Amino acid sequence: LAIAIEEVHNLFPSRDVHRDEEGNGTLPPEFAKKLVGHQAAIQALACCYLNTGSATRHPVVWSGDQLGVLRSWDPIACARTGPPLPTNLGIVFSLLSVRETVWAACTNGLLIIDPESGKIIDQHSGPHLALALVGDQVWAAGVAGISIYKVSGQLVKSLASPSKNKITRLSTNGIGEVWGISEKDIVVWQTKGKTAPASAAISASFSSSGLISANDSLGEMSWHEIKDAHAGVPVTSILFVGETVWTCGKDGSIKVWGGGSEIMGIPGSHSEILSLAAFGSHVWCGNSDKTIRIYDSSTLELVHVLEDYHSDGILHIIPVWTPENKCWAW
């Protein structure tokens, strides 16, 4: 029900939680704040940067919840910027900043919003579960496959999913390679001729593969499917980190893919990992046990564990940069 904000640069010196006589904890005031405004679990976050007429852009954070309500926040003032925006489309599964618009993938539709005015400027029907910006196109995962849109909102192409299960998460390197979660499996799409450092030469270990004939704007696309990517447990999170891809299992396991194979991994030893975010040389993992575990992205060494910030699982983490070039984790 709340958003916790941590200034990444000042995170590690102190994380003590101050407790009163009854044991109730309060956040360390020097680097953490909490914003409250949603009436249901927050499913998604996105940050867009608005033109202010100066050399800097002003960040605005958008959040969406299980009731289909969107809110916007000023991360500089740490305050809401306007009234809530009900989508009336069910759960907000994913939010994405696309140039100077915000896209919201919901149970019963896709919205494109002007973040400055807070008005809906375009809408598409049908279930949309995940979003990814691939070059100048937006990929939206639905129950039956992928819908590919121009950034203007025009539908370009619909791709049937090679998996029998729906695609619930997407991550991309932004230049032609997209990874998606399909229950216990991972689907990888690759545009022919594009560099694909995370999945190159890995096709021999995939369970199935094929080609998709697309139009000229997409080129010819190949796809591969990794069956039981996490030894039979559902895959819960996925993220491109540099030239690697991180995936997480419901059992808390982590796998890092790159150069044609799994290059690092941690067996399941703690709670389900619900979200991933990259901050420089660290990867943050939001967990169902209310903790955030921070790993070194090169060695998978556990660097830090943040506790006592939320009262339930951490469903989404994003970096937010201020005009002063400070990075905050929301």
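Predicted model: local features only at pLDDT ≥ 70, side-chain atom pairs only at ≥ 80, totals over all residues.

Trainee: How many aromatic pairs does the structure hold?

Mentor: There are five aromatic pairs. One of them is Trp103 with Tyr149: the ring centres are 5.9 Å apart and the planes sit at 65°, so the pair is edge-to-face.

Trainee: Where in the chain do those two come from?

Mentor: From distant parts of the chain: Trp103 is in strand β11 and Tyr149 is in strand β16 (residues 145-150), 46 residues apart.

Trainee: Okay, and what about Trp179 and Phe240?

Mentor: Trp179 and Phe240 also make an edge-to-face pair, at 6.4 Å centre to centre with 85° between the planes. That pair links distant parts of the chain too, with Trp179 in strand β19 (residues 177-182) and Phe240 in strand β23 (residues 235-241), 61 residues apart. Trp179 is buried at 0% relative accessibility, and Phe240 is buried at 10%.

Trainee: Which residues do ring pairs link into a cluster?

Mentor: Trp179, Phe240 and Trp257.

Trainee: Switching topic: which residues touch the most other members in the largest nonpolar core?

Mentor: That core has 16 residues, and the ones touching the most other members are Cys48, Trp62, Leu70, Leu95, Ala104 and Ile113.

Trainee: Which strands supply at least two residues each?

Mentor: β5 (42-51), β6 (57-65), β10 (92-98), β11 (101-106) and β12 (109-114). The largest share, four residues, comes from β5. Apart from this core lies another one of 15 residues, including Ala141, Ile146, Ile148 and Leu159.

Trainee: Last one: is Asp74 buried or exposed?

Mentor: Asp74 is buried, because its relative accessible area of 18% is under the 20% cut-off. You'll find Asp74 in strand β7 (residues 69-74).

Trainee: What does the side chain of Asp74 make a polar contact with?

Mentor: With the side chain of His58, at 3.1 Å. Not counting residues up to four places away in sequence, Asp74 touches His58, Pro59, Ala79 and Thr81.

Methods. Residues numbered from 1 in each chain as written. Heavy atoms only, no water. Core = buried A, V, L, I, M, F, W, Y, C linked by side-chain atoms within 4.5 Å. Buried < 20%, exposed > 50% of the residue type's maximum accessible area, 1.4 Å probe, protein only. Polar contact = N/O pair within 3.5 Å; in protein donor to acceptor, adjacent residues only side chain to side chain. Contact = heavy atoms within 4.5 Å. Phe/Tyr/Trp six-rings, centres within 6.5 Å; stacked < 30°, edge-to-face > 60°.
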